[in-house]
Amino acid sequence: MGKTTSVVLPVESSDGKPADGFEFVEVKPGRVLRVRHILPERPATTESQPEAGSSVHCKRKITVYRNGQLVIENLGDVLHSEILQCQNGDVEQCSTVEVELSDYTTAPSSPDPKPAPPLPTSDQQKPAPPPRRRRRKPKRTVLIDTERCISSCKGTHLDVALFFIHGVGGSLDIWGSQLDFFSRLGYEVIAPDLAGHGASTAPQIAAAYTFYALAEDLRAIFKRYARKRNILIGHSYGVSFCTFLAHEYPEQVHKVVMINGGGPTALEPSLCSIFQLPSCVLHCLSPCLAWSFLKAGFARQGAKEKQLLKEGNAFNVSPFVLRAMMSGQYWPEGDEVYHAELTVPILLVHGMYDKFVPIDEDQRMAEILLFAFLKVIEEGSHMVMMECPETVNTLLHEFFLWEPDSSKKDTVTTVTAGQTTADDATPVQTLVVANGGSTGTPKVNKPLNK
């Protein structure tokens, strides 16, 4: 907090190569980002060829109605796996999962309302058929029907690259444990500093820190370093950029990891926030803001956590950049439909003591996404990758090596929306979410300031 404009200088070793893998990339004239790029040495004699992987049928129908309801039907394969317990996930039967996002004022007060009592029956009178849902006119319908090949990604594969993207107030240094761990395993890792963060340039214009400006910076970084199979790892606000890249490059993004990213809600800056105060006021409040971030970002606030915060160069941005970043979080396209269109496998990691992002937001994200696995780390908070590096590294590595097991795919019975079971109950699981939570706790959608 309160530091001067970043000064970018190339750090080179005696042999002319960047020291410690640091590079400086000019994404636009005068806009330079620091990038840590580690490409391990891989002898050609020990190369192993990429594995074929398993093909998964991704078929989904997303319908948006005029009353604000969103219905998602999964008609293809559904993957379920315990990442830490088994390497292969099971491809379960084709089933229809219906998710309704109803208005919170009309949502029922309990998740399981009691059905009406059945009418008395006699020999001459048959039970009345169940009431049919009145057909509503959809406002928009999105159909997804594609095949996705999901394979194990090992460090020895030349076509695999890992991208680490930090959030507001962070830097690439917060990924220090992950960069060292996966580079030692042979992975190619890329971690940039966002504009105004770390050692990247800090333009003194607010428009340089909007979501779209930062997204274009990361698009340039991705196109420069991308391989055939890329894995995106984002933290907090960085999760939104991972979602953007996965949506823009579905063929190149193989897997995504979202760490404390929040719910699938379109971003909108909060009008009643401390970050709307003038930069000079924020400069005076910088010690309080740093202390608040330490208290909310870590489960414990001891000397170790303070040292981690210092080593990670986190929350060390100028008040102007901080204010512009928070005010520039405007991304109306990133709504529930945008996230529901993703067909990439996604690992959601959440720190139990996170005070910035409640766990129900990540649970809601898991409901909307097609292939999502939610893992909660009980001893972690918002900066879980710094607090519990060994646990996070293990989770990520198991997810990188994971691939679905389709051996049971042909032995299960396919169930579609038009079929019924023996007890005349349709195999439809209905989840009613009231604009940001379950029907038991309805609440209004709120901006995701992360």
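What you see is a predicted model, in which local features need pLDDT of at least 70, side-chain atom pairs count only at pLDDT 80 or more, and totals for chains, interfaces and linings use all residues. Residues are numbered from 1 along each chain as its sequence is written, and side-chain values use heavy atoms, with hydrogens and water left out.

Let's start with the sheet. Three strands form an open sheet in the order β4-β3-β8, paired antiparallel. Strands (E, at least two residues) and helices (H or I, at least four) are DSSP runs numbered from the N terminus, and two strands pair if DSSP finds at least two bridges between them. Since β4 (70-74) and β8 (138-150) are the edge strands, each has a single partner, so one side of each lacks a neighbour in the sheet. Strand β3 (residues 54-65) is joined to β4 by five bridges, and K61 sits opposite E73 in β4.

Next comes helix α2 (residues 211-225). Among the buried residues of α2 are F211, L214, L218 and F222. Buried means under 20% relative accessible area, exposed over 50%, and partly exposed in between (1.4 Å probe, protein chains only).

Finally, look at two loops. Most residues other than glycine have a negative phi. S236, between β11 (229-235) and α3 (237-248), has a positive phi of about 55°, and at 3% relative accessibility S236 counts as buried. N260 lies between β12 (253-259) and α4 (279-284); its phi is positive too, near 50°, and at 0% relative accessibility N260 is buried.
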